Amino acid sequence: MKVTITDQDEITVVEVSGDIDSKTAPEFERNAKVAMDKSKHIVIDLTDVGFMSSAGLRVLLMVYRNIRSQEGKVVLVGVSEEIQDVMSTTGFINFFTIVEKPEDGVAFLKQD
Amino acid sequence: MMESKSFPGNVDSLDSLREYVGERAQQAGLAKKPTYALKLAVDEIATNIILYGYQEAGLEADFTVLSEITEQALIVILEDIAAPFDPLARELPDSGDLTKSLEDREIGGLGIYLTINGVDEFSYEYLNGKNRNKFVMKIAST
């Protein structure tokens, strides 16, 4: 798994590629924290993530709580059908905005 | 015929474990979604074995994947030599827990919930000094 962080104006984009499991989730978490320290508007791009276990859900939970506490916003991009199924089964999906393309995520965060 | 493959009991094995399960699923002719669900289930249980059964207990050991493709199903069994641990013994999140706001909920038990929810049958037994976690995926008849 690889994580890249880029800034676009007031928005920080976290791009993940590879699988998120209990080996790689700590690295994902570390990068998500770095991004949230930079900005309270976060895009997490999961377009190149083929697999995510509950270890990844834990990171998303941490992100959600952190963003809520600083009244920020988070958007998930390119979430595969299988990962959306998992988010749906666990009731995570209702708490996240999911869009298809990174630019949609940036546009959503720039709305207000 | 039962096939057997062992993996070192650390998180570096998860990647190759999922790949192996994916190969077996392909051989069994499982579709994309059930294949993903099985990979996820096996990953979740293997993670528990590695982190809690082995690492937390200071145990360095392998775990074994036994698998068999029959006409009706793909059967996968994870065998480990950690202390007896029945994943079904702990309380699982119920529908009330799963609709709670993410701010209020307990995060425990999600992995086992996904496991049980994702496979057609899941069972556990402790036999001859080994934990045996068994996953069954039915093969759709054509």
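At what angle do α1(B) and α2(B) pack, and how far apart are their axes? In this predicted model, the two helices pack at an angle of about 145°, and their axes are 9 Å apart. Residues are numbered from 1 along each chain as its sequence is written, chains are lettered from A and ligands numbered from 1 in the order in which they are written. Because the model is predicted, local features need pLDDT of at least 70 and side-chain atom pairs count only at pLDDT 80 or more, whereas totals for chains, interfaces and linings use all residues. The model scores ipTM 0.94 and pTM 0.95. Chain B averages a pLDDT of 94, and 99% of its residues score at least 70; pLDDT is the predictor's confidence in each residue, from 0 to 100.

Helices (H or I, at least four residues) and strands (E, at least two) are DSSP runs, numbered from the N terminus. Axes are lines fitted to C-alpha atoms, for helices over the stretch in contact, and angles run from 0 to 180 degrees between N-to-C directions. The crossing of α1(B) and α2(B) is right-handed, whereas that of α2(B) and α4(B) is left-handed; a crossing is left-handed if the near helix is turned anticlockwise from the far one by less than a right angle, and right-handed if clockwise. Two residues are in contact if their C-beta atoms, placed from the backbone, lie within 7 Å. Among the residues of α1(B) that meet α2(B) are L14(B), L17(B) and V21(B), and the α2(B) side includes L38(B), V42(B) and A46(B). This contact divides into seven nonpolar, three polar and three charged residues. In this classification Ala, Val, Leu, Ile, Met, Phe, Trp, Tyr, Cys and Pro count as nonpolar, Asp, Glu, Lys and Arg as charged, and the others, Gly among them, as polar.

The axes of α2(B) and α4(B) come within 8 Å and cross at roughly 145°. Residues making this contact include L40(B), A41(B) and I45(B) of α2(B), together with I112(B) and L114(B) of α4(B). By class, six nonpolar, five polar and one charged residues take part.

Chain B also holds an open sheet of five strands in the order β1-β2-β3-β5-β4, with antiparallel pairing; two strands pair if DSSP finds at least two bridges between them. Six bridges link β1(B) with β2 (residues 62-69) of chain B in the antiparallel sense, and F7(B) stands opposite F63(B) in β2(B). Across β2, β3 (73-80) and β5 (130-138) of chain B lies α2(B), which runs at about 10° to β3(B).

In chain A, an open sheet of five strands has the order β1-β2-β3-β4-β5 and mixed pairing. The edge strands here are β1 (2-8) and β5 (97-99) of chain A. Strands β1(A) and β2 (residues 11-17) of chain A run antiparallel and are joined by seven bridges, with K2(A) opposite S17(A) in β2(A). Helix α1 (residues 25-38) of chain A lies across β1, β2 and β3 (41-48) of chain A, at about 10° to β1(A).

Between the chains, 22 residues of chain B are in contact with 20 residues of chain A. The largest share of the chain B side, eight residues, comes from α2(B). By class, this side has 10 nonpolar, four polar and eight charged residues.
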